[in-house]
Amino acid sequence: MDAKQRLIKAGLEIFGTFNLEGATTRQLADRAGVNQAAIPYYFGGKEGLYLAVIEHVVDHKAGRVRPVLLRISDALHKERLTPNEAVDQIKTLFSVYLQILLEDNAATTWARIIVREQMQPTKAFHLLYERWIRHVHEILSALLAIILEKRPTDPNVILRTHMLLGQIQIFLAGRETVRRRLNWDRYDENSRRQIQNAVFDQLDLFLESLATSV
């Protein structure tokens, strides 16, 4: 990798650990194995490097979700999905999302940055929201609206969409509790399959209760 790529890779680790304010240019440069002057040269400063790291995350992580979102969006526009079909589409989206969130290095690098941006947003959150989060949220709201027989923009639908996303994000934010309870050293293929099965079982119960309450 060239110096620019090494700095972005280092930024994933250092910003993930220390956040934007806590990270120093020396830490970033040392981890990347470059001179500190490379940071202002390539990125204009620490904040510019942080934004480049966010763009890298969006390109590489959101890029894996985007094809699924496009297929679901196409299905939503071509035909009126039934509630059962909407549930299947939600499971398809969640399956891909779980694969990304449960990667071994997610909790120590890019995912920490994303979680922190939700709690302490910087200027970079706008990029995250417009290029990734909003699209997932809107597609999921459209699917949930079919089940609830409401508008996708209904505040109740949007809030319940957030609740649904929380059901999978907790396996990232609460990773250590799950690992200790089940004596897992890490998320491997078997544990990821068990988590997906549990999420889908819970999703069926949750969506069934939503449908009957309409």
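Select helix H9 (residues 175–182), where Arg179 and Glu176 stand 3 residues apart and are therefore separated by about one helical turn; helices here are DSSP runs of H or I with at least four residues, strands are runs of E with at least two, and both are numbered from the N terminus. The model is a predicted one, in which local features need pLDDT of at least 70 and side-chain atom pairs count only at pLDDT 80 or more, while totals for chains, interfaces and linings use all residues. Residues are numbered from 1 along each chain as its sequence is written, and side-chain values use heavy atoms, with hydrogens and water left out.

**Salt bridges**

Show the side chains of Arg179 and Glu176, which meet in a salt bridge with an N to O distance of 3.0 Å; the term requires a side-chain nitrogen of Lys or Arg within 4 Å of a carboxyl oxygen of Asp or Glu. Arg179 is buried, with a relative accessible area of 18%, whereas Glu176, at 38%, counts as partly exposed. For these classes, buried means under 20% relative accessible area, exposed means over 50%, and partly exposed lies in between, as computed with a 1.4 Å probe on protein chains only. By the salt-bridge rule the count comes to 11.

Next select Lys9, Glu13 and Arg31, which are linked in a network of salt bridges. Lys9 pairs with Glu13, their closest N and O atoms being 3.3 Å apart, and because these two residues are 4 residues apart in helix H1 (residues 3–22), about one helical turn separates them. The side chains of Arg31 and Glu13 also meet in a salt bridge, at 2.4 Å from N to O. This pair links distant parts of the chain, with Arg31 in helix H2 (residues 25–32) and Glu13 in helix H1, 18 residues apart. Colouring by accessibility will show Lys9 as partly exposed at 42%, Glu13 as partly exposed at 23% and Arg31 as partly exposed at 48%.

**Aromatic rings**

Move to Tyr41, Tyr42 and Phe43, which form one aromatic cluster. Rings of Phe, Tyr and Trp (its six-membered ring) pair if their centres lie within 6.5 Å, and planes under 30 degrees apart count as stacked, over 60 as edge-to-face and the rest as tilted. The model holds 7 aromatic pairs by this rule. Among them, Tyr42 and Phe43 form a tilted pair, 6.3 Å centre to centre with 55° between the planes. Tyr42 is partly exposed at 36% relative accessibility, whereas Phe43 is buried at 13%.

**Pockets**

Now turn to the largest pocket, whose volume is about 450 Å³. On a 1 Å grid over the protein atoms alone, a pocket is an open set of points where a 1.4 Å probe fits, with protein on both sides within 12 Å along at least five of seven lines, and lining residues have an atom within 4 Å of a point. Grid points are joined across faces, edges and corners, and a volume is the space filled by probe spheres set on the points. To find its centre, select Tyr97, Ile114, Val115, Gln118 and Gln169, the closest to that centre of the 19 residues that line the largest pocket.

Helix H5 (83–101), helix H6 (110–119), helix H7 (125–148) and helix H8 (155–173) each supply at least two residues of this lining, and H8 gives the most, with 7 residues. By class, the lining of the largest pocket has 14 nonpolar, 5 polar and no charged residues, where Ala, Val, Leu, Ile, Met, Phe, Trp, Tyr, Cys and Pro count as nonpolar, Asp, Glu, Lys and Arg as charged, and the others, Gly among them, as polar.

The second largest pocket has a volume of about 310 Å³. Of the 18 residues that line the second largest pocket, select Arg134, His135, His137, Glu138 and Ile139, which are the closest to its centre. Helix H4 (46–78) and H7 each supply at least two residues of this lining, and the largest share, 9 residues, comes from H7. The lining of the second largest pocket has 9 nonpolar, 5 polar and 4 charged residues.

**Backbone stops**

Most residues other than glycine have a negative phi. Select Asn19, whose phi is near 65°, a positive value in a residue other than glycine; Asn19 is found in helix H1 and is partly exposed at 22% relative accessibility. Finish at Asn183, where phi is near 55° and again positive in a residue other than glycine. Asn183 lies in the loop between H9 and helix H10 (189–213) and is exposed, with a relative accessible area of 68%.
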